[in-house]
Amino acid sequence: MNNNSIFKKSLIGNGPEIYAVTSGKGGVGKTSLSVNLSILASQLNKKVLLVDADIHLGNVDLLLGIQPKYTIADVLSDKVELKDIIEKGPANLDILPAASAVDNLLASEDKALNKIRNSFSQIEKEYDMIFIDTAAGIHNTVMSFVLGADKIILVVTPDPSSIADGYGMIKIIKNNKIEAPVIMISNSVESDESGWSLFKKMNLMVQRFLSSEIVWGGSLLKDEEYASAVRKRSPLAIDSPQSSSISHMKVILRHILELKTDSLTNKNSNLFDRFMQNRHFEIGA
Ligand SMILES: Nc1ncnc2c1ncn2[C@@H]1O[C@H](COP(=O)(O)OP(=O)(O)OP(=O)(O)O)[C@@H](O)[C@H]1O
Ligand SMILES: [Mg+2]
């Protein structure tokens, strides 16, 4: 593999920044957040790729009403190139649809991996930002994406099981000595204050038991309009850009964009390699 050009690109700091949107517990709002944040970032004239990495029930395409023609499986069988499976979303957003072959892909032979790796190194140069909407849980594929990202966006709701699973996710990240910041979003909260106290509660646990810190991303209030936009497969960022949820989302996007990271260590390889490196992660004690 030719790592050289990627390395130079990273050193001059103009590679895409990679954000994994994750949660621990399912159904807490990862996909709707990823879709809306990607659209808002595109509207800021950033070139954005949204990767649907939920291999079991990919839903970015569902949320946007897109029916993808091909998946990664078609790339592996030489039917199409990786760039050919990218779909167009609203506001010039590019979407890499869910691929039910990703689990197989992570276990497959060198030839297949090299093919995908080379395709990734060709497409990633075109982007400023890559959002990865992960599946719930802590299985191998999810953790590969989470541990390879520049910034980890963790969605937590006030539900006790979401707090417990969110904490479990942070623990794995910290046990693997990952330097990427964990940015917590308090979702479906009753008020901005309760979102902030949910964050403080989580951060206190992280400080006390993991001797580390997480970063405040912002709140999203419980919003019936948000839920019905999901049902209509029409993102709020397009349908209702003036809504309170989208104002909150803009604050979140600003927090994410303005957060400085100094870990260049991860950036010395291309996107796909970064994910592959983390196939064998530590769950820790
Ligand atoms: N702030 C909110 N207010 C009201 N409903 C919300 C809010 N955030 C998410 N929802 C609803 O919660 C449900 C789950 O959202 P979403 O699909 O984005 O979650 P997810 O974490 O991606 O789920 P999965 O783990 O299954 O992929 C959707 O019906 C969505 O409308
Ligand atoms: Mg989802």
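Start by selecting strand β2, residues 48-53: six of its six residues are buried, so the strand is largely enclosed by the rest of the structure. As you look, keep in mind that this is a predicted model.

**Both sides of β2**

Show the side chains of β2. In a regular strand the side chains alternate between the two faces of the sheet. Here Val48, Leu50 and Asp52 lie on one side, Leu49, Val51 and Ala53 on the other, and all of them are buried.

Strand β5, residues 129-134, pairs with β2 in the parallel sense over six bridges. To find one of the pairs, click on Asp52, whose bridge partner in β5 is Asp133. β4 also pairs with β2 in the parallel sense, over three bridges. Here you can pick out Val51, which stands opposite Leu96 in β4.

**The whole sheet**

Next, colour every strand. You will see an open sheet of eight strands with mixed pairing, in the order β3-β4-β2-β5-β1-β6-β7-β8. Which strands form the edges? They are β3 and β8 (215-221), each of which pairs on one side only.

Move along to β6 and β7, which run parallel and are joined by five bridges.

After the helix comes Lys177, with a positive phi near 55°.

Then select helix α12, residues 244-258. This helix lies across β1, β6, β7 and β8, and runs at about 170° to β8.

Is Ser188 buried or exposed? With 20 C-beta neighbours inside 10 Å, Ser188 counts as buried.

The other stop is Asn92, where phi is near 65°. Look for Asn92 in the loop between β3 (87-88) and β4 (94-96). Asn92 has 13 C-beta neighbours inside 10 Å and therefore counts as partly exposed.

**Around ligand 1**

Of the 19 residues around the ligand, Gly26, Gly29, Thr31, Ser32 and Val230 come nearest. The elements that give two or more residues to this shell are α2 (30-43), β7 (182-189) and α10 (224-231). Colour the shell by residue type and you will find six nonpolar, nine polar and four charged residues.

**Zooming out**

Finally, bring the whole protein back into view. How many helices and strands does the protein have? There are 13 helices and eight strands. Of its 285 residues, 43% count as buried. Among contacts between residues at least 6 apart in sequence, 79% join residues at least 24 apart.

Technical notes. Residues numbered from 1 in each chain as written. Chains lettered and ligands numbered in written order. Predicted model: local features only at pLDDT ≥ 70, side-chain atom pairs only at ≥ 80, totals over all residues. Near = placed C-beta within 6 Å. Helix = DSSP H or I, 4+ residues; strand = E, 2+ residues; numbered from the N terminus. Nonpolar A, V, L, I, M, F, W, Y, C, P; charged D, E, K, R; others polar. Buried ≥ 20, exposed ≤ 12 C-beta atoms within 10 Å, placed from the backbone. Pairing = 2+ DSSP bridges. Contact = placed C-beta atoms within 7 Å. Axes fitted to C-alpha atoms, helices over the stretch in contact; angles between N-to-C directions.
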